[in-house]
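Subject: Structure for you to look at

Hello,

Here is the structure I promised you. Please open it and keep it on screen while you read my notes.

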Amino acid sequence: MRLVLASQSPARLALLRGAGLDPAVVVSGVDEDAVAAALTDPAPDELVTALATAKGNAVLDQVAAAHPDAVVVACDSMLSIGGEMVGKPATPDLARRRWARMAGQSGELLTGHAVFRLDGGQRTKEAAGTRRTTVHFGQPSETEIDAYIATGEPLQVAGAFTLDALGGWFVEGVEGDPSSVIGISLPLVRQLLAEVGVSVVNLWRPSTS
Ligand SMILES: Nc1nc2c(ncn2[C@H]2C[C@H](O)[C@@H](COP(=O)(O)OP(=O)(O)OP(=O)(O)O)O2)c(=O)[nH]1
């Protein structure tokens, strides 16, 4: 059973590799704005789960051709802050405005997950779910925010912050699953894999002696 990560995210790949898995990567290239626009006033959980499902669906035929027996995992992360769902800031100015709202506040990082099982090249089972993690933001100075934005990192990540990289200096703490904030919830993926009949321990790399 081949594990496939339908994501270009280096963070998701690193997290899964660090947790003993060796996924093949097939990038979906899904137009997230188009998927979101096709939804009618979706609830936050529905939005990120729909986006994750669209990403997984987009790669199934390609995966089936290369790996007829596979399990595909796709994700989408967004930050819920002040009643608004936001993804990656498109410009440095927007990142700065986002941080002006986030500093000293708390938000919820939502990551939608979709898992698809292929047997003999056919989709046989699927499961989906969302993890919410509360994030308490620090109060970086203007100088610190300018320096952070100058690195380019905030523009590459949902919510304009990271937990495990430069953004970590400005996160006071989280309540809930930290892996979901980084981009993929290990405990939720374990649960969703079980729902499609796959035990995560059977996907672990053989332990080298
Ligand atoms: N290293 C790290 N990356 C984070 C963190 N929070 C969010 N990210 C990254 C993970 C994802 O690459 C990105 C979330 O954006 P998306 O869910 O749209 O995924 P992305 O467009 O990167 O790739 P994909 O659509 O899955 O091919 O932000 C964090 O705390 N640490």
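Below I go through a strand, a helix, a loop residue and the cores. Keep in mind that this is a predicted model.

**Strand β3**

Start with β3, residues 70-81. How many of its residues are buried? The count is 12 of the 12, so β3 is largely enclosed by the rest of the structure. Look at the two directions of its side chains. Ala 70, Val 72, Ala 74, Asp 76, Met 78 and Ser 80 point one way. Val 71, Val 73, Cys 75, Ser 77, Leu 79 and Ile 81 point the other way. Both sets are buried.

Now find the partners of β3:

- β1 (residues 2-5) runs parallel to β3, with four bridges between them. Here Leu 3 stands opposite Val 71.
- β5 (106-119) runs antiparallel to β3, and 11 bridges join the two. Met 78 has Leu 110 as its bridge partner in β5.
- β4 (residues 84-86) is also antiparallel to β3, with three bridges. Ser 80 is paired with Met 85 of β4.

β3 and β4 make a hairpin with two residues between them. Gly 82 sits in that turn and has a positive phi of about 55 degrees.

**Helix α7**

Next, turn to α7, residues 186-195. Which of its residues are buried? They are Leu 188, Val 189, Leu 192 and Leu 193. Viewed down the helix axis, these buried residues fall within an arc of 135 degrees, so they line one face of α7. An α-helix has 3.6 residues a turn, so residues three or four places apart point the same way. On the other side of α7, Arg 190 and Ala 194 are exposed.

What do the buried residues of α7 pack against? They pack against β3, β5 and β6 (122-137).

Ser 185 caps the N-terminal end of α7. One of its side-chain oxygens lies 3.1 Å from the backbone nitrogen of Leu 188. After α7 comes Gly 197, with a positive phi near 85 degrees.

**Asp 177**

Asp 177 is in the loop between β7 (171-175) and α6 (178-182). Is Asp 177 buried or exposed? Its relative accessibility is 10%. Buried means under 20%, so Asp 177 counts as buried. Its side chain makes a polar contact of 2.6 Å with the side chain of Ser 179. Beyond its neighbours within four places in sequence, Asp 177 is in contact with Arg 131, Thr 133, Ser 185, Leu 186 and Pro 187. Ser 185 is the residue that caps α7.

**The nonpolar cores**

The largest nonpolar core has 20 residues. Which of them touch the most other members? Val 71, Val 73, Val 115, Ile 184, Leu 193 and Leu 203 do. The elements that give two or more residues to this core are β1, α1 (10-18), β3 and α7. α7 gives the most, with four residues.

Zoom in on Val 71. Leaving aside neighbours within four places in sequence, its contacts include Leu 3, Val 115, Leu 193 and Leu 203.

Best wishes

Technical notes. Residues numbered from 1 in each chain as written. Predicted model: local features only at pLDDT ≥ 70, side-chain atom pairs only at ≥ 80, totals over all residues. Heavy atoms only, no water. Buried < 20%, exposed > 50% of the residue type's maximum accessible area, 1.4 Å probe, protein only. Arc of directions from axis to C-beta. Contact = heavy atoms within 4.5 Å. Polar contact = N/O pair within 3.5 Å; in protein donor to acceptor, adjacent residues only side chain to side chain. Pairing = 2+ DSSP bridges. Core = buried A, V, L, I, M, F, W, Y, C linked by side-chain atoms within 4.5 Å.
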